Amino acid sequence: MYESALTGATWPKGFIWGSATAAAQVEGAGHEGGKEDSIWDAFARVPGAVHGGDNLEIADDHYHRMPTDVRLMRELGLDSYRFSTSWARVRPGDRAVNPEGLDFYSRLVDELLEAGILPWLTLYHWDLPQALEETGGWANRDTAFRFRDYAADVYAALGDRVTHWTTFNEPFCSSLLGYASGVHAPGRQEPRAAVAAVHHQHLAHGLAVNSLRALGAQQLGITLNLTNAIPRDAADPVDIDAARRLDSLANRIFLEPIVLGAYPADTLVDLEPCGLSDVILPGDLDIISAPIDFLGVNHYHDDLVSGHPDSAVGDSHSGGALRPSGSPWVGSEHLTFPRRDLPRTGMDWEVNPDGLRHLLVRLTAEYPTLPPLYITENGAAYDDDVSADGAVHDTERTAFVLSHIASVAEAIEQGADVRGYFLWSLLDNFEWSYGYDKRFGIVRVDYDTLERTIKDSGLTYARLIAEARSA
C-alpha cells in the first residue's frame, strides 16, 4: 500500500494508472489505409446529426501522429493506455482483413510496449462498418457472429503482445442511444430494434469471450457505463418506480445477463411489448454469461429521476445535435430528470464525486461474484482557455479528477476490489454528436494546427502517478 500526497488516499500495490481514447474519436484518416465508412462516418453526414456538421476525417490525426502521442503518454507516466481498434479499419465493409489497418494497431502496440505502457484493447467502441448497418446492424442477429470473427482476426494479429481484451465499450450507448433515441449512430429511432441490439451485443460479447479464450487470451472483460438512479422523492411511489426503471435500462439489463446469466425479471416484463423475449434463443444466456476476468466501469454522473412530467428539465443523455431525437428509455419514455443543486460540467452533467464511491460499493454488495473492477472512464469536459503563457490552467477538471480518484480510494477502503483507474480522455477529441465542441482531454489539441499541449490536469495526474511509482 502507498499514500498519495495529492489525494490523501492509500492505494494498493500494483494499482494501474492509465488514460483512454477511442479509434473513431482520435484517429482521423477516415478513408485512408483501406478504411471505409463506419456508421459514425455515415451518421456525421446526416444534416443536424453532429454539432457544427463536424466529421471524423481528421479528428486528432492520431493515425499519423501515433508515435508522438505515445511519447506524451510516457511523459505523463501512464502505466496503461486503453484504446480501441476500428472494425471499419480492420475489416472494411466487414469483408476481408485489411493488413494495412491491422499494421497500424500492431505498430501502436509495439510503441506502447517499448515505452513500458500496458496496451488495453477494446474491440468495439461504436464504429460498426456501415455495410453491416445496411443489413440490419445490431438489430440483426448475424452481426453478433460477424463480431466474433472480427475479434478473432484482431487477436490473430495482436494476441502475442496484448494481454487485456475488452469486448464492448458502453453497450448502452451503441444500442439504446443508437437505435432508440437516435442521438448516436446509426441514428435510428426504433424501440424494437434497440431492444434487439441490446441482446445481440450481449451475444456478440459472449461469442467473442469464448472464441478468444479458446485462442489463449489471458484477460477478458467488458466495459459498462453505470449510474446511480436516484428517485427525486424517495417517499413517492411514482418516483421510486422511475428509479427502478432507470436502473433496469441503464444498469441491470447490461450487467445481469453477463454476471448472473439472466435478464432481470422486471426488465423482461417492462420490455415484453418491445420484443425482448422474442430475440432470446435457447442457449444464448449460457454464451453471454461466459466468465470474465474483469469488469470495466465508466462513470461520469448520477441521475436524479422522476416519473412525473417536468417540461423544465432535459435528459442528460439527449446529445448535442439539432436533429430531433427520441427517448432511449424504451418502455419507460415518461421518465424525467430533475436537477439537483450541484455544480455542472461543460456537458451539463452534475459533479458528485461521492456517486462513484456509492456505485462501486453497491456493485460489490449486490454482485458478490463480480470479477475485479477497473474504472475505465472517468473525467469531465470544460471550456478550456489557453492562457497568455501558452498553458491550459483547467482548475475545474483538475479538481474533478482528484476528487473522483479520492472517491475510488474510499470505495476500496469499503471493500470494493478496484484495481485501476483510466482517466478520460488522453486527448481532446471528436465527442460524438457534440463534434469538437466539448473537450475532455488532459492534453489539449489545437484543431487548426493539431499541436498537443498537456493541461494542468494532465500535469497533476502525472505527479500522482509519479508518487505511486516512487512509492
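Biologist: Which residue in strand 11 is the bridge partner of Leu-295?

Modeller: Leu-373 is the bridge partner of Leu-295. Please keep in mind that this is a predicted model.

Biologist: What makes strand 9 and strand 11 a pair?

Modeller: Two strands pair if there are at least two bridges between them. Strand 9 (residues 294-298) and strand 11 (residues 373-377) have 4 bridges, in the parallel sense, so by that cut-off they pair.

Biologist: In what order do the strands close into a barrel?

Modeller: The order is 3-4-5-6-7-9-11-12, which makes 8 strands with parallel pairing. On average, neighbouring strands of this sheet are turned by 25 degrees against each other, with direction ignored.

Biologist: Which strands does helix 7 touch where it packs on the sheet?

Modeller: Helix 7 (residues 142-158) touches strand 5 (118-124) and strand 6 (164-169), and its direction makes about 160 degrees with that of strand 5. Helix 8 (residues 171-181) also packs on the sheet, touching strand 5, strand 6 and strand 7 (219-225). The direction of helix 8 makes about 45 degrees with that of strand 7.

Biologist: At what angle do helix 7 and helix 9 pack?

Modeller: The angle is about 35 degrees, and the axes of helix 7 and helix 9 (residues 191-215) are 8 Å apart. Their contact includes Phe-145 and Tyr-155 of helix 7, and His-200 and Leu-207 of helix 9. The crossing of these two helices is right-handed.

Biologist: Why does Ser-80 count as buried?

Modeller: Buried means under 20% relative accessible area. Ser-80 has 0% relative accessibility, so the residue counts as buried. Ser-80 lies in strand 4 (residues 80-84), and its contacts beyond four places in sequence include Trp-17, Trp-120 and Phe-422.

Biologist: What does the side chain of Ser-80 reach at 2.8 Å?

Modeller: That side chain reaches the backbone oxygen of Leu-118.

Biologist: How does the reach of helix 15 compare with what is expected at 1.5 Å a residue?

Modeller: Helix 15 (residues 395-413) has 19 residues and reaches 27 Å from first C-alpha to last, close to the expected 27 Å. Just after helix 15, Gly-415 has a positive phi of about 110 degrees.

Technical notes
Residues are numbered from 1 along each chain as its sequence is written. This is a predicted model: local features need pLDDT of at least 70, side-chain atom pairs count only at pLDDT 80 or more; totals for chains, interfaces and linings use all residues. Side-chain values use heavy atoms; hydrogens and water are left out. The expected span of a helix is 1.5 Å times one less than its number of residues. Buried means under 20% relative accessible area, exposed over 50%, partly exposed in between (1.4 Å probe, protein chains only). A polar contact is a pair of N or O atoms within 3.5 Å; within protein, one must be able to donate a hydrogen and the other to accept it, and residues adjacent in sequence count only if both atoms are side-chain atoms. Contact means heavy atoms within 4.5 Å. Axes are lines fitted to C-alpha atoms, for helices over the stretch in contact, and angles run from 0 to 180 degrees between N-to-C directions. A crossing is left-handed if the near helix is turned anticlockwise from the far one by less than a right angle, and right-handed if clockwise.
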